[in-house]
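Subject: Structure handover

Hello,

Please find the structure we discussed below. My notes on it come after.

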Amino acid sequence: MAIRLNSDPEVVAAVREGLARTGGYCPCRVDRTEDTKCICREFREQMADPDFEGYCHCMLYFKPKG
Ligand code: SF4
């Protein structure tokens with residue numbers, strides 16, 4: 001499983017700025033809990049799912065199938 005960053009550097013920069021602003025919590029979410037700390041629970045679960053292919057909610061990371 002090869003997680004990679006979004007190939008668009010502007011997206012990566014914007015999400016990283018957001019993460020810096022929130023102290024590491026998902027900038028796309030209002031809640032600040034362990035579940036929304038990057039890498040958030042949702043994407044951890046998607047990474048563990050061999051059938052999932054796609055971006056995390058913020059589009060910082062991309063996971064291929066497998
Ligand atoms: S993995 Fe993606 S969606 Fe999850 S917190 Fe990090 S940037 Fe946000």
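The notes cover the salt bridges, and then one threonine.

This is a predicted model, in which local features need pLDDT of at least 70 and side-chain atom pairs count only at pLDDT 80 or more, while totals for chains, interfaces and linings use all residues. Residues are numbered from 1 along each chain as its sequence is written, and side-chain values use heavy atoms, with hydrogens and water left out.

Salt bridges

Side chains of opposite charge can pair when their charged atoms come close. The term salt bridge is used here for a side-chain nitrogen of Lys or Arg within 4 Å of a carboxyl oxygen of Asp or Glu. Searching the whole structure gives 3 salt bridges.

One of them is between the side chains of R29 and E42, at 2.9 Å from N to O. This pair links distant parts of the chain, 13 residues apart: R29 sits in the loop between α1 (9-22) and α2 (41-48), and E42 belongs to helix α2. Helices are DSSP runs of H or I with at least four residues, and they are numbered from the N terminus. On accessibility, buried means under 20% relative accessible area, exposed means over 50%, and partly exposed is in between, with a 1.4 Å probe and protein chains only. R29 is partly exposed because its relative accessibility is 22%. E42, with a relative accessible area of 34%, is also partly exposed.

R41 has a salt bridge with D35, where the closest N and O atoms are 3.0 Å apart. R41 also has a salt bridge with E45, with 3.4 Å between the closest N and O atoms. R41 and E45 are 4 residues apart in helix α2, so about one helical turn separates them. Through shared partners, the salt bridges join D35, R41 and E45 into one network. Each member is partly exposed: R41 has a relative accessible area of 40%, D35 has 34%, and E45 is at 47% relative accessibility.

T22

T22 is in helix α1. With a relative accessible area of 10%, T22 is buried. A polar atom of its side chain lies 3.5 Å from the backbone nitrogen of G24. Leaving aside residues up to four places away in sequence, T22 touches P27 and R32, where contact means heavy atoms within 4.5 Å.

Regards

Technical notes:
Helix = DSSP H or I, 4+ residues; strand = E, 2+ residues; numbered from the N terminus. Polar contact = N/O pair within 3.5 Å; in protein donor to acceptor, adjacent residues only side chain to side chain.
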